[in-house]
Amino acid sequence: MSKVVFVHGVGKQYLSEDSLARDVVPELLGGIRLAGGPVPSYDEVAVAFYGDLFRPRGTRSLGEPPYDEADIETDEEFALLMEWWAAAARTDPQVPAPDAPGTRGPAGWAASRSLRLNAVRAALDALTGARCLRGVLDRALIGSLKQLTGYLTDEAVRQAARDRLAARITPRTRAVVAHSLGSVVAYETLCDPERNRDWDVRMLVTLGSPLGMRALVLDRLDPVPPERRAVWPKPLRAWTNVADVTDIVAVVRELRPAFGDAVDDVLVDNGSHMHDATRYLTAVETGRAIATGLLPEAD
């Protein structure tokens, strides 16, 4: 029965629970060790895997589908791409802002399909030239975007992902560590009264989380935030939110204003791989947060 459960983010559809565990569990344990905390055994860390829910069915694929600008089809996908572009421009001087000369603000691109395609192409060019995303192909970037918006709009995927996580959390689980989209899955699962009846999670650690994006994520959560203030998950005692200073997925780096004063927002520096899960896991700040959840206490 696992003391720690890790929930992955986007782009894992061609992996498995076992292959992902080989990558993330040693880094998670190493981060706790760097922080001087009580290091659980390898077998006490579980991975909640849901990546296969996004794998194309009934087709042969050698990798990411060949997405291009025409595959940004919904308003949600377009809005998220524009948010990422604006976030990259704020932290990287090499990325032109969406409202810089020669570009238009997001509202200006809604008039026609051709204008939107131009905006998407400009955003992809800007983002793939950013220091933090150098070498990331258009199709990988679009695939990640589609998974985030797809989770929030496809109820079957949403429930299946939450089922996968709930199956890994036990009464002995003390820390849930969730990266990127996984933080949305973790939050909603911990809030679900049909799943969380006997849980006692002492620490939720979110890494590179998009949860603070008001219109695109926060307002679409289940449960819906009443009066623009999100519900606190009942089985959760503490929450540490870790964000890299340039992570464009964590557009809103502070979750405390939306989720409550009990959230501890922490900034880290992941170097050139600003959104990489293993960089987050080896940060001493992350290790310290997980260790806090694992400290023994009188029951």
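The legends below describe close-up views of a predicted model.

Local features are given where pLDDT is at least 70, and side-chain atom pairs count only at pLDDT 80 or more, while totals for chains, interfaces and linings use all residues. Residues are numbered from 1 along each chain as its sequence is written, and side-chain values use heavy atoms, with hydrogens and water left out.

**View A. The largest cavity and its lining.** One cavity of 30 Å³ or more is found in a search of the whole structure; a cavity is a set of points, on a 1 Å grid over the protein atoms alone, where a 1.4 Å probe fits but cannot get out. The volume of the largest cavity is about 50 Å³, a volume being the space filled by probe spheres set on points joined across faces, edges and corners. Its lining, meaning residues with an atom within 4 Å of a point, is formed by E76, L80, L148, T149, L152, T153, L216, V217 and R220. Five of these residues are nonpolar, two polar and two charged (nonpolar: Ala, Val, Leu, Ile, Met, Phe, Trp, Tyr, Cys and Pro; charged: Asp, Glu, Lys and Arg; polar: the others, Gly among them). Helices α2 (75-91) and α4 (138-153) each supply at least two lining residues, and α4 gives the most, with four. Helices (H or I, at least four residues) and strands (E, at least two) are DSSP runs numbered from the N terminus. Domain 1 (4-54 + 153-294) and domain 2 (69-151) each contribute at least three residues to the lining; the domain bounds come from an automatic or database domain assignment.

**View B. Packing of α1 with α9.** Helix α1 (residues 17-34) packs on helix α9 (residues 284-294) at an angle of about 85°, with the axes 7 Å apart. Axes are lines fitted to C-alpha atoms over the stretch in contact, and angles run from 0 to 180 degrees between N-to-C directions. The two helices are therefore roughly perpendicular (65 to 115 degrees). L28, G31, I32 and L34 in α1 meet V284, G287, I290, A291 and L294 in α9, contact meaning heavy atoms within 4.5 Å. Seven of the residues in this contact are nonpolar, two are polar and none is charged.

**View C. Packing of α5 with α6.** Helix α5 (residues 155-168) and α6 pack at about 75°, with axes 9 Å apart, and are therefore roughly perpendicular to each other. From α5, R158, A161, R162, L165 and A166 meet V185, A186, E188 and T189 of α6. The contact of α5 with α6 holds five nonpolar residues, one polar and three charged.

**View D. Backbone geometry at S180 and P223.** S180, in the loop between β3 (175-179) and α6 (181-191), has a positive phi, near 55°. The D222 to P223 peptide bond is cis, with omega near 10°.

Notes:
1 Å grid on protein atoms, 1.4 Å probe; cavity = no way out; pocket = protein on both sides within 12 Å on 5 of 7 lines; lining within 4 Å. Parallel < 35°, antiparallel > 145°, perpendicular 65-115°, else oblique.
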